[in-house]
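This briefing covers selected local features of one structure, grouped by topic. Please keep the sequence and the 3D view open while reading.

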Amino acid sequence: MATETRVDRKTSKLSLAYILVAFTAFGLAAICGVLQGMDRGGAVTMPTWLGYYQILTAHGVLMGLVFTTFFIVGFLFAGIARTTGGSLTPAGARMGWIGYWLMVIGTAMDVVTILTNNATVLYTFYAPMKASPYFYIGATLLIVGSWVAGWGMFHCFQTWRKNNPGQRTPLIAFTAVATMVLWQLATLGVAAEALLQLIPWSFGWVDKINVVLSRTLFWFFGHPLVYFWLLPAYICWYTIMPKIVGGKVFSDAITRMVFVLFVLISTPIGFHHQLMEPGISEKWKFLHVGLTMAIALPSMITAFMLFATFESVGRAKGASGLFGWFKKLPWGDARFFSLFLAMLWFIPAGIGGIINASNQLNAVVHNTVWVTGHFHLTVGTAVAMTFFAISYWLIPHLTGRKLTKTANDIGKLQGVLWSIGMIFMSGSMHILGLLGGPRRTAGTTYGDDPTALSWMPLHKLTMIGGIILFIAAVIQVSLVFYLAFKAPKGEEEFPVGEVAEEAQETPRILERWKIWVTLAVVLILIGYGIPITDMIQNPPPGVEGIRTW
Ligand code: HAS
Ligand code: CU
């Protein structure tokens, strides 16, 4: 058998640079997270020089924007190189490094403005809360850097296509490109918000801001952002996991179709974050809710595909009965174990999402800690645990080291602890939210209100969960640095699943990006064209900035 392609040294360096920043941000964010949980649980009181909302902002920005984006870009570069011959094109790699430095500078600007308490506006930076302009510029650089990196990936993909005319593109490269196409479309919203509204307003060039427009532009980005997090996890579930469990990719065509569906429908659904807001007519909210239900479909297809993969592997290994395959999965392998837990957690996470999207139920849960519970299961568990599982083989692959038996077992322990922590934390958050507990508040007793006081046991459970998660985070960060610098030298494979023999060829139309991007733009115009025009032509009274902290 030919030796497997590996990611070359140059790409490895690039990819590792991204991943190490990602996990450094993750570690810092985890410290903020445990402090928040302990503050709300009543175990610590924030000192006067460090505000609750300040660390909440740091936690959200570092986890939600920095950890994810850096990890994703690093992982996708490696995936593209691995499936297009082992290396990136020189131009692609150069764009990778330019993107990296832009993102590092942007992150540094955000960290400094948050630490100096000039940007305590949370990761959603809602106007009229007004941060230092350098915070918005930092966030913009983070995004522009990721664009440049994305263009680098497109360059590699296009070059491969040119050199291999008529051939089906490698699945990982295709899905990586889909993820970055989605990201380019999504970030147009926040780029417009930052450049046309927030930056001029925070410099004082204009006095007032159109709040409903700024929030709409934010969620134009904020919703597809969640699929930018999710799709790299799906890349792993669809194309890498089959190899780890000893099977094959169930269907090349369905995999590509799922990613195309995400590119099409992810953006024109942002109003499901604004269902309770005035200034947007209900017919547009209705359209966005309808499309939100549509975007759940590719995830349901994914659930089906995963079961199909598991079952085919199990049957091939001689399993019988309805669930016999379950015993045939490689439970001892941390690369699979954490991945499986991630998938399992995505079931309640996704159900919660569908509850959120239902207009009447959204009235019950909106702005409560339920929502915080929801996103700690989605991005904080399904996505984050998938990234952890990837790190167990990707980092040693990049550094020419080995995942030792002990490191493997520690990885599994990490997965167990993360899950237990989330049961406590996310579970209690969901219940608290249903009781009416608000999200984004420093205090939890609201002037010793008897109802709020009766929620205290749940806040304590959240805190216990947070502490367990913090321990798991420390283990994860240690493992990452061990695998990068200390683990014994060796070879760790970058697993890529082969496609099972298919009844039919993958329809070529799935690779026609021009069609899909055009259709996506049309859908965005349908979903947002009229409401945004209306917000600009009939703006609500402008608002001056406030500093709430
Ligand atoms: Fe969400 C709020 C609706 C998915 C993240 N979401 C948020 C926020 C974040 C977030 C961060 O409609 C808060 C933003 C803020 O700060 O205000 N969400 C949805 C819907 C989905 C959904 C319909 N969300 C995600 C994902 C996220 C994420 C993914 C991150 C990665 N979400 C909402 C709404 C709100 C919201 C409202 C606003 C709430 C409010 O009022 O503020 C769907 O995409 C979910 C579809 C998923 C499924 C699950 C499929 C299951 C699979 C696993 C199979 C497992 C196997 C293994 C096979 C249908 C694929 C099992 C094996 C066994 C043996 C059992
Ligand atoms: Cu959303």
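In this predicted model, the side chains of E511 and R256 form a salt bridge, with 3.7 Å from N to O. E511 sits in the loop between α14 and α15, and R256 in helix α7, so the bridge ties together parts that are 255 residues apart in sequence.

**Salt bridges**

- Side chains of opposite charge can pair when their charged atoms come close.
- The structure contains 13 salt bridges.
- E511 and R256 also belong to a network of salt bridges, in which they are linked with R161, R168 and D252.
- K243 and E493 meet through their side chains in another salt bridge, at 3.3 Å from N to O.
- That pair links distant parts of the chain, 250 residues apart: K243 is in helix α6, while E493 is in the loop between α14 and α15.
- K243 has a relative accessible area of 27% and is partly exposed; E493, with 29%, is partly exposed.
- R335 and D333 form a salt bridge at 2.8 Å, N to O.
- R335 counts as buried at 11% relative accessibility, and D333 is buried with a relative accessible area of 16%.

**Copper site**

- Which residues coordinate the copper ion (ligand 2)? The donors are H223 through ND1, H272 through NE2 and H273 through NE2, at 1.8 to 2.0 Å.
- Along the chain, the donors of this copper ion follow the spacing H-x48-H-H.
- H223 lies in helix α6 (residues 211-244) and H273 in the loop between α7 (252-265) and α8 (282-316), so this pair ties together parts that are 50 residues apart in sequence.
- H223 is buried, because its relative accessibility is 5% and the cut-off for buried is under 20%.

**Iron site**

- The iron atom of ligand 1 has H374 (NE2) as its only protein donor, at 2.2 Å.
- H374 is located in helix α11 (residues 369-399).
- The iron atom of ligand 1 and the copper ion (ligand 2) are separated by 4.5 Å.

**Helix packing**

- Two packed helices are described by the angle between their axes and the distance between the axes.
- Helix α11, which carries H374, packs with helix α9 (residues 334-357) at an angle of about 160°, and the two axes are 8 Å apart.
- α9 is therefore roughly antiparallel to α11, a term that applies to angles over 145 degrees.
- α9 and α11 have a left-handed crossing.
- The contact of α9 with α11 is made up of 16 nonpolar, 8 polar and 1 charged residues.
- Helix α12 (residues 405-435) and helix α14 (residues 456-485) have axes that come within 8 Å and cross at roughly 155°.
- This angle makes α12 roughly antiparallel to α14.
- The crossing of α12 past α14 is left-handed.
- By class, 23 nonpolar and 9 polar residues make the contact of α12 with α14, with no charged residues.

**Backbone geometry**

- Most residues other than glycine have a negative phi, and most peptide bonds are trans.
- Is the peptide bond from A127 to P128 cis or trans? The bond is cis, with omega near 10°.
- P128 is in the loop between α3 (90-115) and α4 (133-163).
- F125 lies in the loop between α3 and α4 and has a positive phi, near 30°, although F125 is a residue other than glycine.
- F125 counts as buried, at 5% relative accessibility.
- Y446, which is not a glycine, has a positive phi of about 45°.
- Y446 is in the loop between α12 and α13 (450-454).
- With a relative accessible area of 34%, Y446 is partly exposed.

Definitions and conventions:
Residues are numbered from 1 along each chain as its sequence is written. Chains are lettered from A and ligands numbered from 1 in the order in which they are written. This is a predicted model: local features need pLDDT of at least 70, side-chain atom pairs count only at pLDDT 80 or more; totals for chains, interfaces and linings use all residues. Side-chain values use heavy atoms; hydrogens and water are left out. Axes are lines fitted to C-alpha atoms, for helices over the stretch in contact, and angles run from 0 to 180 degrees between N-to-C directions. Helices (H or I, at least four residues) and strands (E, at least two) are DSSP runs, numbered from the N terminus. Angles under 35 degrees count as roughly parallel, over 145 as roughly antiparallel, 65 to 115 as roughly perpendicular and the rest as oblique. A crossing is left-handed if the near helix is turned anticlockwise from the far one by less than a right angle, and right-handed if clockwise. Ala, Val, Leu, Ile, Met, Phe, Trp, Tyr, Cys and Pro count as nonpolar, Asp, Glu, Lys and Arg as charged, and the others, Gly among them, as polar. Donors are N, O and S atoms within 2.8 Å of the metal (3.2 Å for Na, K and Ca); water is not among the atoms, so sites may look incomplete. Buried means under 20% relative accessible area, exposed over 50%, partly exposed in between (1.4 Å probe, protein chains only). A salt bridge is a side-chain nitrogen of Lys or Arg within 4 Å of a carboxyl oxygen of Asp or Glu.
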